[in-house]
Amino acid sequence: MFDYETALGQLAHRTVLCVGDLMLDDFVYGDVSRVSPEAPVPVIAVRREEKVIGGAGNVARNLAGLGARCLFVAWSGR
């Protein structure tokens, strides 16, 4: 059976190559007061906005957070 605790403990001594797409996730938080009459989308009063790395960049960030040395290769755009 696979032992997750042992694997996580060994991760700090590993180098991981992460290859994938690089994205920027944009989270908008606020209150929805109504639905737009032009299209079925909510009209939001923005309270705060948060931009964080997404896609494979999120995987690389999580691996680094677990202690691994992470090499990241990505592409963005078209």
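Which pattern does the protein chain follow when read along the sequence? The order is α-β-β-α-β. The protein chain holds two helices and three strands. Helices (H or I, at least four residues) and strands (E, at least two) are DSSP runs, numbered from the N terminus. The radius of gyration is 19 Å, well over the 12 Å that the globule rule gives for 78 residues, so the protein chain is more spread out than a compact globule. The radius is taken over C-alpha atoms, and the globule rule is 2.2 Å times the number of residues to the power 0.38.

The model is predicted: local features need pLDDT of at least 70, side-chain atom pairs count only at pLDDT 80 or more, and totals for chains, interfaces and linings use all residues. Residues are numbered from 1 along each chain as its sequence is written, and side-chain values use heavy atoms, with hydrogens and water left out.

The C-alpha trace spans about 55 × 30 × 25 Å along its principal axes. Of the 78 residues in the protein chain, 13% are buried. Buried means under 20% relative accessible area, exposed means over 50%, and partly exposed lies in between (1.4 Å probe, protein chains only). The accessible surface of the protein chain comes to about 6,300 Å². Carbon and sulfur atoms hold 58% of that surface. Areas come from the Shrake-Rupley method with a 1.4 Å probe; for residues, only the protein chains shown count as cover. Among contacts in the protein chain with a separation of 6 or more, 60% join residues 24 or more positions apart. Contact means heavy atoms within 4.5 Å.

Charged side chains come next. The protein chain has 8 positive and 9 negative side chains. The centres of the two sets lie 5 Å apart. Lys and Arg count as positive and Asp and Glu as negative; His and the chain ends are not counted. Each charge is placed at NZ of Lys, CZ of Arg, CG of Asp or CD of Glu. Side chains of opposite charge can pair when their charged atoms come close.

The structure holds four salt bridges. A salt bridge is a side-chain nitrogen of Lys or Arg within 4 Å of a carboxyl oxygen of Asp or Glu. One of them joins Lys51 and Asp26, at 3.2 Å from N to O. Lys51 lies in strand E2 (residues 42–55) and Asp26 in strand E1 (residues 15–35), so the pair ties together parts that are 25 residues apart in sequence. Their C-alpha atoms are 4.6 Å apart in space. Asp26 is partly exposed, at 41% relative accessibility. Asp26, Glu49 and Lys51 are linked in a network of salt bridges. Lys51 also touches Leu24 and Asp25, residues up to four places away in sequence not being counted.

Asp31 and Arg47 form another salt bridge, with their closest N and O atoms 2.4 Å apart. This pair links distant parts of the chain: Asp31 is in strand E1 and Arg47 in strand E2, 16 residues apart. Asp31 is partly exposed at 38% relative accessibility, whereas Arg47 is exposed at 65%. Glu50 pairs with Arg48 in a salt bridge, the closest N and O atoms being 3.2 Å apart. Glu50 is partly exposed at 31%, and Arg48 is partly exposed at 45%.

Ala64 is found in helix H2 (residues 56–65). Ala64 is partly exposed, with a relative accessible area of 43%. The C-alpha atoms of Ala64 and Asp3 are 20 Å apart. Along the chain, Ala64 and Asp3 are separated by 61 residues.
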